[in-house]
Amino acid sequence: MTTYREFHRRSIEQREAFWAEEAQRIHWHKPFARVLDYARPPFAKWFVGGETNLCHNALDRHLDARGEQAALVWISTEVDGRQTFTYRQLHAEVNRAAAMMRSLGVKRGDRVIIYMPMIPEACFAILACARIGAIHSVVFGGFAAASLAARIDDAKPSLMITADGGSRMGKPVLYKALVDESLKLAQHPPRKVLIFRRGLDANMPVVAGRDVDWKELAAQHQGASVPCAWLESNEPSYILYTSGTTGKPKGVQRDVGGYAVALASSMDRIFCGLPGETMFTTSDIGWVVGHSYIIYGPLLAGMTTIMYEGVPVRPDAGVWWKIVQDYKVSVMFSAPTAVRVLKKHDVAFLRKYDLSTLKHLFLAGEPLDEPTHRWVSDSLGRPVIDHYWQTETGWPLLSAHPGVEKTPLKMGSPSFPVYGYDVRLLHESTGKPVADGEKGVVTIAPPLPPGCMTTVWGDDERFVKTYFTDFKDQLVYSTFDWGIRDRDGYYFILGRTDDVINVAGHRLGTREIEEAVNMHPGIAECAVVGVADQLKGQLPMAFAVVKDPAAVASKEARMKLEGEVMQTVDKQLGAIGRPGRVFFVTLLPKTRSGKVLRRSIQALAEKRDPGDLTTIEDPGALEQIREALK
Ligand code: PRX
């Protein structure tokens with residue numbers, strides 16, 4: 001029996017032989033000539049010369065063996081909907097969507113922005129892009145018009161796909177209206193907008209010549225068959241924007257072959273998902289987890305994937321667990337915040353259903369605190385695996401590997417480095433490896449394994465500068481997370497080293513929120529920090545300097561302005577970035593060189609010691625923060 005340790009060692013020491021074997025899990029139209037080309041560090045090219053297609057591997061390849069098996073089950077507790085698509089039916093829908101896109105002029109290499117709620121058509125659109133070699137960029141529905149416009153201008157799509165609306169907690173969310181607004185702001189709007197009407201916006205405006213109705217176009221492409229474009233392994237499959245320390249989101253670019261191999265491998269070695277079984281990932285298609293483990297991963301593995309539109313506690317806190325029972329879910333993937341939400345409800349909801357088919361519940365996206373880990377393991381009576389990764393990596397970076405070896409779990413720890421990743425914990429200033437039990441920055445010695453981001457869309461230099469220059473004289477990939485390893489080799493993640501915060505598993509840059517706050521005409525400047533929150537992990541708090549102190553002279557005035565600032569953020573960035581509170585001050589604590597002391601502000605907001613203040617320009621500024629927080 002291969003043990004985890006040996007398995008991991010081989011993946012690093014015999015890198016090429018290891019991945020050449022894993023690559024046999026997918027279909028190659030043309031075999032690759034080289035496993036790895038690392039001639040231009042840190043850019044790694046995997047499976048060079050090989051030709052494949054993600055859609056072929058997700059659908060066509062399974063048609064003979066499992067054409068009549070369910071591939072996609074859609075469940076909506078928002079609009080009370082349920083639909084099942086077999087592999088054959090999903091294949092037909094995707095072929096039709098591909099034909100529709102081609103009729104709208106979409107070609108291989110073109111970008112297609114998908115701004116859609118959790119409906120089957122979003123899955124069709126994603127796979128149709130993969131089929132014809134168009135590069136999809138899915139934007140999370142919670143982002144507002146200005147954020148969407150920034151992504152449009154970076155990706156320069158030839159087509160956008162949306163729906164009239166979505167629904168959240170029973171309330172309609174108008175997607176198309178927001179798309180229209182974003183297209184007014186964008187410099188590079190697409191030629192066409194394809195809209196799936198769900199009947200959620202009776203007054204949806206239509207722009208003649210630009211807007212195309214999905215159902216009308218679909219009627220013209222009934223029974224269409226579109227061949228898969230065979231892509232060289234390193235051609236881009238998609239772009240997914242993610243937040244960093246600047247206000248400008250980065251377009252994480254992924255390849256085709258490496259991604260397919262990494263996902264197919266992880267489905268077996270980490271998630272233990274077998275063909276014919278069912279996977280339920282509760283994320284959204286707008287996030288990396290949705291890409292990898294709602295859409296591609298389970299389908300590559302020949303599983304049934306469940307796509308869920310709704311929240312975990314409506315109609316009651318048993319809704320997910322009833323799905324596990326009814327659909328015999330064997331692999332489930334969710335986030336700690338969802339568990340903390342469930343924790344506020346009667347534990348009986350988790351115990352009411354037969355969960356015996358569930359092999360593991362995987363949790364990721366934010367720190368999983370030990371009490372929550374323990375509570376959910378005990379309540380479900382099933383093993384709960386914390387695992388850690390990033391939009392950039394595309395698949396787990398630290399995890400237990402039950403498909404390799406059943407190692408004991410430690411509460412609050414995402415276990416060990418995943419095979420393929422040469423993980424190093426480095427001292428923040430010396431850059432030397434830290435000892436066990438000592439805090440360091442989680443880094444990866446390149447080359448990054450298959451599946452990881454290959455570059456920043458359109459900006460190779462930014463890729464290198466952002467991720468590989470954190471340590472002087474050393475080319476290592478920084479995750480910007482603090483970690484610690486105990487004597488048994490288990491890792492623990494201690495939070496970010498940069499100004500990225502994590503709100504309910506949603507990754508946001510404080511800089512982005514600050515820019516949104518600053519859009520309010522009454523605000524001169526501001527600092528946003530993430531403050532520990534029992535439910536959401538972190539919550540943004542804004543400290544804003546007003547242009548006119550009279551605007552915040554009374555309590556009523558302050559409340560009014562606070563409400564306005566929150567609305568500005570909703571409009572600029574989206575409600576997910578809305579600060580929990582906005583406090584007003586006349587100056588911000590800064591160093592003499594003008595850097596805002598965010599860490600000190602955060603410490604005060606969390607009732608901790610503000611730390612070293614020798615560089616502060618005006619100590620009175622910190623006093624104001626203290627006062628405001630009272
Ligand atoms: O800070 C880490 C945190 O989420 C960040 C990545 O977020 P995102 O790009 O949205 O990708 C999520 C993919 C699951 C990381 O840099 N994070 C993710 N998983 C964990 C975590 N923090 C602690 N424990 C985890 N298991």
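**Entry 1: domains**

I looked up the domain assignment of the chain, which gives domain 1 (441-495) and domain 2 (500-629); such bounds come from an automatic or database assignment. I then noted that the C-alpha centres of domain 1 and domain 2 lie 29 Å apart.

I recorded that this is a predicted model, in which local features need pLDDT of at least 70 and side-chain atom pairs count only at pLDDT 80 or more, while totals for chains, interfaces and linings use all residues. Residues are numbered from 1 along each chain as its sequence is written, and side-chain values use heavy atoms, with hydrogens and water left out.

**Entry 2: the ligand**

Which residues are closest to the ligand? I found 17 residues around the ligand, with His387, Thr391, Asp481, Arg496 and Arg507 the closest; a residue is near a molecule if one of its heavy atoms lies within 4 Å of it. By class, I listed seven nonpolar, five polar and five charged residues in this shell. Here Ala, Val, Leu, Ile, Met, Phe, Trp, Tyr, Cys and Pro count as nonpolar, Asp, Glu, Lys and Arg as charged, and the others, Gly among them, as polar.

Helix H11 (288-300) and strand E27 (491-496) each supply at least two residues of the shell; helices (H or I, at least four residues) and strands (E, at least two) are DSSP runs, numbered from the N terminus.

I next examined polar contacts (pairs of N or O atoms within 3.5 Å). A side-chain N or O atom of Thr391 is 2.5 Å from a ligand oxygen. For His387, a backbone N or O atom lies 2.7 Å from a ligand nitrogen. Arg496 places a polar side-chain atom 2.8 Å from an oxygen atom of the ligand. The protein covers 96% of the 540 Å² of accessible area that the ligand has on its own, by the Shrake-Rupley method with a 1.4 Å probe.

**Entry 3: cavities**

I counted four cavities of 30 Å³ or more. A cavity is a set of points on a 1 Å grid over the protein atoms alone where a 1.4 Å probe fits but cannot get out, and lining residues have an atom within 4 Å of a point. Grid points are joined across faces, edges and corners, and a volume is the space filled by probe spheres set on the points.

The largest cavity holds about 80 Å³ of space. Its lining has 13 residues, with Ala44, Leu448, Cys452, Met453 and Thr454 nearest its centre. Strand E2 (residues 43-48) gives the largest share of this lining, three residues.

Key: A polar contact is a pair of N or O atoms within 3.5 Å; within protein, one must be able to donate a hydrogen and the other to accept it, and residues adjacent in sequence count only if both atoms are side-chain atoms. On a 1 Å grid over the protein atoms alone, a cavity is a set of points where a 1.4 Å probe fits but cannot get out, and a pocket is an open set with protein on both sides within 12 Å along at least five of seven lines; lining residues have an atom within 4 Å of a point.
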